[in-house]
Amino acid sequence: MGSTIAEKILARASGQTRVNAGDNIKAKPDFVVAYDFPGYTDVIFKQMKDEFGLTGVKDPSRYALFIDHMVPAVTPQEEELHQNTRDWGAQAQVPVYERKGIGHQVASELGYATPGAFVVHFDGHISQLGTFGTLAMGVRRHLIESFVNEKIRMAVPATTRVDLVGQLQAGVMARDVFHHVVRVLGPASCRFQVLEFGGEAIADMGIDARQTLTCLAMFTGAVTAIINPDQVTLPYAQERARLTIEPLYSDRDATYAARHTIDISQLEPVVVIPPSPANTRNLVDHLGLPVQVGYLGSCASGRLEDLRAAAHVLRGRHVKPGFQLHVVPTS
């Protein structure tokens with residue numbers, strides 16, 4: 001019986017030859033990353049000092065901090081938070097990356113998305129690093145454990161495999177694909193599990209599209225998403241990798257909690273309407289609906305592929321008076 005890529009990564013991180021879904025383990029994250037945000041990093045720094053007598057971490061090279069929210073600061077409190085992060089990073093010798101872009105994106109550009117590595121963050125969107133065969137999990141306030149100890153206690157999550165097949169029609173992008181997956185499987189279909197993407201349609205996607213898919217994993221209830229590395233992602237990731245780790249892959253006979261095959265060849269552009277991020281509808285059903293504001297950005301939809309698609313639509317045209325279009329590149 002084989003293992004999934006997630007099980008193999010956690011086995012390596014816990015110093016074991018094999019782990020199975022449901023096992024309780026102590027795993028050492030290869031990297032611990034976070035952005036400064038009220039109630040998270042500021043609380044972690046205070047807890048470390050007040051409850052554990054710590055003002056730093058054992059191996060600063062394993063840690064990275066990003067100042068990417070509330071930028072530029074618009075209140076004294078926001079700037080105080082940023083300065084607190086700068087000061088703590090300087091004292092602990094932990095790198096602080098400021099105004100480089102959204103941390104989940106920049107982390108991959110800086111080599112923290114090492115194939116085969118285990119990464120933790122408090123924000124679930126760190127799952128984006130799964131594009132490169134990295135197991136990157138958001139652990140919320142439990143992130144304090146990884147600042148205080150080398151290893152964290154956790155249960156090995158089960159994995160749901162989704163194979164995407166077929167070719168996309170013109171004008172359909174990865175964001176449409178992901179929301180279609182939620183429409184087909186449901187918003188709790190992968191609850192507390194790893195969502196593993198594969199299939200011929202994944203093989204046809206570039207890095208930007210794959211990052212969109214993995215970034216949004218939490219909207220299926222998953223703790224992260226991952227794609228087995230291939231010749232699309234390996235050259236990019238290994239050129240930047242901060243660690244030398246052998247890339248890992250799911251075995252053909254790996255055990256999954258569930259397996260699904262979704263044909264995307266007939267998929268149309270979609271929209272997600274209130275009140276739920278799982279409320280997916282075909283765009284054609286809402287043509288003519290007045291729209292006042294557009295936003296192109298975020299860690300899910302602000303990469304070069306997205307900007308090029310928007311430029312193609314806007315070329316030779318002008319934004320209608322009274323309409324606001326915000327474009328915020330991911331990095």
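In what order do the five strands of the open sheet stand? The order is β4-β3-β2-β5-β6, and the pairing is parallel. Strands are DSSP runs of E with at least two residues, helices are runs of H or I with at least four residues, and both are numbered from the N terminus. Two strands count as paired if DSSP finds at least two bridges between them. Strands of a sheet pair through backbone hydrogen bonds, either parallel or antiparallel.

The structure is a predicted model, in which local features need pLDDT of at least 70 and side-chain atom pairs count only at pLDDT 80 or more, while totals for chains, interfaces and linings use all residues. Residues are numbered from 1 along each chain as its sequence is written, and side-chain values use heavy atoms, with hydrogens and water left out.

The secondary structure of the protein chain comes to eleven helices and 15 strands. For 331 residues, a compact globule would have a radius of gyration near 20 Å, and the protein chain agrees with this at 20 Å. The radius is taken over C-alpha atoms, and the globule rule is 2.2 Å times the number of residues to the power 0.38. The C-alpha trace spans about 60 × 55 × 35 Å along its principal axes. Of the 331 residues, 49% are buried, where buried means under 20% relative accessible area, exposed means over 50%, and partly exposed lies in between (1.4 Å probe, protein chains only). The accessible surface of the protein chain is about 15800 Å², and 53% of this belongs to carbon and sulfur atoms; such areas come from the Shrake-Rupley method with a 1.4 Å probe, and for residues only the protein chains shown count as cover. Among contacts with a separation of 6 or more, 75% are between residues 24 or more positions apart, a contact being heavy atoms within 4.5 Å.

Axes are lines fitted to C-alpha atoms, for helices over the stretch in contact, and angles run from 0 to 180 degrees between N-to-C directions. Helix α1 (residues 5-13) packs on this sheet and touches β5 and β6, its direction making about 90 degrees with that of β5. Helix α3 lies across β3 (63-67) and β4 and runs at about 155 degrees to β3.

Strand β2 pairs in the parallel sense with β3 over four bridges and with β5 over two bridges. Five of the five residues of β2 are buried, so the strand is largely enclosed by the rest of the structure. Phe31, Val33 and Tyr35 point one way from β2, whereas Val32 and Ala34 point the other way.

Ten aromatic pairs are found in the whole structure. Rings of Phe, Tyr and Trp (its six-membered ring) pair if their centres lie within 6.5 Å; planes under 30 degrees apart count as stacked, over 60 as edge-to-face and the rest as tilted. Tyrosine 35 and phenylalanine 122 form an edge-to-face pair, at 4.8 Å centre to centre and 70 degrees between the planes. This pair links tyrosine 35 in β2 (residues 31-35) to phenylalanine 122 in the loop between β5 (118-121) and β6 (135-138), 87 residues apart. Both residues are buried. Tryptophan 88 and phenylalanine 147 also pair edge-to-face, at 6.0 Å and 65 degrees. Tryptophan 88 belongs to α3 (residues 76-92) and phenylalanine 147 to α5 (residues 143-148), 59 residues apart. Phe31, Phe66, Tyr97 and Tyr112 form one aromatic cluster.

Four strands form another open sheet with parallel pairing, in the order β10-β9-β8-β11. Strands β10 (224-227) and β11 (258-263) are at its edges, each with a single partner strand, so one side of each is left without a neighbour in the sheet. Here, neighbouring strands are turned by 25 degrees against each other on average, direction ignored. Five bridges join β8 (residues 159-165) to β9 (residues 194-198), with arginine 161 opposite glutamate 196 in β9.
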